[in-house]
Amino acid sequence: MSIKSWPEGERPREKLLAHGAEHLSDGELLAIFLRTGVAGMDAVELSRTLLHQFGGLRPLLAASQADFCKGHGLGQAKYVQLQAVMELSRRYLVQSMQRDTVFTEPALVKRYLQQSLASQKREVFMLLYLDSQHRLICAEPLFFGTIDASPVYPRIVVQSALAHNAAAVILAHNHPSGVAEPSRADRMITERLTQAMSLVDIKLLDHFVVGDAEVISFAERGWL
């Protein structure tokens with residue numbers, strides 16, 4: 001039975017319009033994106049099959065072009081559409097942070113960082129440069145590491161913050177393992193960077209660690 005034959009309240013599009021996107025499952029949201037199914041499967045069945053095949057939504061969205069296109073019913077056109085949707089979402093969040101005061105909206109920063117860093121297969125250390133009103137000047141990946149490490153040099157961080165004329169900064173990095181819990185090394189480098197920044201009168205507002213399912217804030221834990 002096709003989705004059009006379903007009761008109206010169970011169809012993904014009608015359900016979204018009636019209740020909002022947050023009330024849909026991963027499979028239902030993916031079905032709206034795919035729009036159509038394949039022979040023998042409607043769009044919802046295909047979505048559930050793909051989520052099972054890839055091991056969930058995150059691995060599907062983070063898949064390389066080659067791996068994504070191997071998925072049943074997928075191809076280059078769908079890959080391009082998906083990348084465009086994800087980039088639009090990232091740009092929306094960046095523009096929101098440029099308009100609003102970042103430090104008073106940690107949830108907004110977390111959403112942006114999760115989209116930007118959670119799918120990275122190596123460790124990426126990013127800086128968010130803020131003006132005197134704590135609005136975003138720009139976000140910039142600064143260091144890249146191996147699968148489980150990223151070398152961080154306080155001198156380069158300070159130089160980069162000064163070059164952007166930042167009044168404050170927010171640090172962020174991902175854990176490719178998927179576990180967001182900060183390590184002892186994370187806390188040590190944060191202390192070193194806090195001291196280095198204070199010498200040039202730049203405030204280190206927070207350090208976020210990004211995992212698969214959560215983003216941990218040093219400030220929220222009382223570590224800054």
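Biologist: What covers the buried residues of H9?
Modeller: This is a predicted model. In it, the cover over the buried residues of H9 includes strand S1 (124-130), helix H8 (154-163), strand S3 (168-174) and strand S4 (203-210).

Biologist: Which residues of H9 are buried?
Modeller: Buried means under 20% relative accessible area. In H9 that applies to Asp186, Ile189, Thr190, Leu193, Ala196 and Met197. They cover an arc of only 130° around the axis, so they sit on the same side of H9.

Biologist: Which residues are exposed on the other side of H9?
Modeller: Arg184 and Gln195 are exposed there.

Biologist: What span should the 15 residues of helix H9 have?
Modeller: Count 1.5 Å a residue.

Biologist: Now the pocket. How is empty space found?
Modeller: Roll a probe the size of a water molecule over the atoms, and it shows where empty space is left. Here the largest pocket has a volume of about 830 Å³.

Biologist: Which residues lie nearest the centre of the largest pocket?
Modeller: Leu57, Leu61, Met86, Ser89 and Gln115 do, out of 25 lining residues.

Biologist: Which helix gives the most to that lining?
Modeller: H6 does, with 7 residues. Helix H2 (26-34), helix H4 (57-62), helix H6 (76-99) and helix H7 (106-117) each supply at least two.

Biologist: How many lining residues of the largest pocket fall in each class?
Modeller: The lining has 15 nonpolar, 4 polar and 6 charged residues.

Key
Residues numbered from 1 in each chain as written. Predicted model: local features only at pLDDT ≥ 70, side-chain atom pairs only at ≥ 80, totals over all residues. Heavy atoms only, no water. Helix = DSSP H or I, 4+ residues; strand = E, 2+ residues; numbered from the N terminus. Expected span 1.5 Å × (residues − 1). Buried < 20%, exposed > 50% of the residue type's maximum accessible area, 1.4 Å probe, protein only. Arc of directions from axis to C-beta. Contact = heavy atoms within 4.5 Å. 1 Å grid on protein atoms, 1.4 Å probe; cavity = no way out; pocket = protein on both sides within 12 Å on 5 of 7 lines; lining within 4 Å. Points joined across faces, edges and corners; volume = space filled by probe spheres on them. Nonpolar A, V, L, I, M, F, W, Y, C, P; charged D, E, K, R; others polar.
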